[in-house]
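Let us walk through one protein model, feature by feature.

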Amino acid sequence: MDFAKPNLDVGLFTNKKDEQLAFWSDVAGLQFDHTLKLGGGVLQHRFTAHGAIIKVNDSRSPLPRHAPQPISRLAIAAPQSMQPAAYVDPDGNVISLVPSGHQGITSIAVYLPVKNVSVSSEFFVNALGLERVQEGVLRCGESLIFLERAEQTCAPGDFIALGMRYLTLQVVRCDDAHAAALTAGAREGRPPATMGTTARVSFVVSPDGLWIELSERASLTGRAVSG
């Protein structure tokens, strides 16, 4: 799979826009980038983290809360931090600020609960083209994924709910990446669709119910989206 940037992005949904914007700016210390209108009463507020994007999707409609979450924790390298510090955002998401290099983290890392570490590792390597660092640890450019054994993982279904709900991989060609993922055994979440002139995106679903967006973003590829 050809990636358009050396980082993954993290998407969360909230009904607490003002509190979340203050948290990501003042507590997490991230730089606000811009806001996108996604449609359906959702605005996406984007924060940058060492090349990764934290997508705060503010929904006008009340969102359900499902447990367990597909992403249990997000860690962000904070050069000013002397030791790891865990925080809880306004919706209960666990966010850790860690010294750069802690557990190999120099950008961001996500921690995913999975039923079978070996099976999930194979999925991320074979279906999505991530690099296996060691058993249970995957790399996407400068971002890391840590797989943690859990008895229960998120239930199948839509990903739109409160919490950290999905990952985004920026790819060179969405349709090719989507087809390759399905061929390698990924379950389809949503087929490729074009979002105006901004991006062409699709979703696939991991064995543990995590939705992964495959995004062909014009600003990263330098090519107009089509499809």
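The dialogue below covers the ground rules, sheets, a helix, single residues, cysteines and the backbone.

Q: What kind of model is this, and how are residues numbered?
A: This is a predicted model, where local features need pLDDT of at least 70, side-chain atom pairs count only at pLDDT 80 or more, and totals for chains, interfaces and linings use all residues. Residues are numbered from 1 along each chain as its sequence is written, and side-chain values use heavy atoms, with hydrogens and water left out.

Q: How do I read a sheet, and what is the strand order in the sheet of eight strands?
A: Strands of a sheet pair through backbone hydrogen bonds, either parallel or antiparallel. Here strands are DSSP runs (E, at least two residues), as are helices (H or I, at least four), and both are numbered from the N terminus. Two strands pair if DSSP finds at least two bridges between them. The eight strands form an open sheet with mixed pairing, ordered β2-β3-β4-β1-β12-β15-β14-β13. At its edges are β2 (31-39) and β13 (187-195), each pairing on one side only. From one strand to the next, the twist averages 25 degrees. Angles run from 0 to 180 degrees between N-to-C directions, with axes as lines fitted to C-alpha atoms, for helices over the stretch in contact.

Q: Which sense does the pairing of β3 and β4 take, parallel or antiparallel?
A: Strands β3 (residues 42-49) and β4 (residues 52-59) are antiparallel, with eight bridges. Within that pair, Leu43 is opposite Asp58 in β4.

Q: What is the order of the sheet of seven strands?
A: This open sheet runs β6-β7-β5-β8-β11-β10-β9, again with mixed pairing. Its edges are β6 (85-88) and β9 (131-134); each has a single partner strand, so one side of each lacks a neighbour in the sheet. The average twist is 25 degrees from one strand to the next. For a parallel pair, take β5 (residues 73-77) and β7 (residues 94-98), joined by four bridges. There, Ala77 is opposite Val98 in β7. Helix α2 (residues 117-127) packs on this sheet, touching β8 (108-114), β9, β10 (137-140) and β11 (143-149). The direction of α2 makes about 155 degrees with that of β11.

Q: How do I find the buried face of a helix, and which residues of α1 are buried?
A: Start with accessibility: buried means under 20% relative accessible area, exposed over 50%, partly exposed in between (1.4 Å probe, protein chains only). In α1 the buried residues are Gln20, Phe23 and Trp24. Down the helix axis they fall within an arc of 85 degrees, so they line one face of α1. That arc is taken from the directions from the helix axis to the C-beta atoms. On the face turned away sit the exposed residues Asp18 and Asp26.

Q: Where does α1 lie, and what do its buried residues pack against?
A: Contact means heavy atoms within 4.5 Å. Helix α1 (residues 17-27) lies across β1 (3-14), β3 and β4, at about 10 degrees to β3. Its buried residues pack against β1, β3, β4, β5, β6 and β7.

Q: How many disulfides does the structure hold, and why?
A: A disulfide is a covalent bond between the sulfur atoms of two cysteines. The cut-off used is a pair of cysteine sulfur atoms within 2.5 Å. The structure holds zero. The sulfur of Cys140 is 15 Å from the closest cysteine sulfur, in Cys174, too far for a bond. For Cys154 the closest is in Cys140, at 19 Å, also too far.

Q: Which backbone features stand out, and where is the cis peptide bond?
A: Most residues other than glycine have a negative phi, and most peptide bonds are trans. The bond from Ala67 to Pro68 is cis, with omega near -5 degrees. Pro68 is in the loop between β4 and β5. His50, not a glycine, has a positive phi of about 55 degrees. His50 lies in the loop between β3 and β4.
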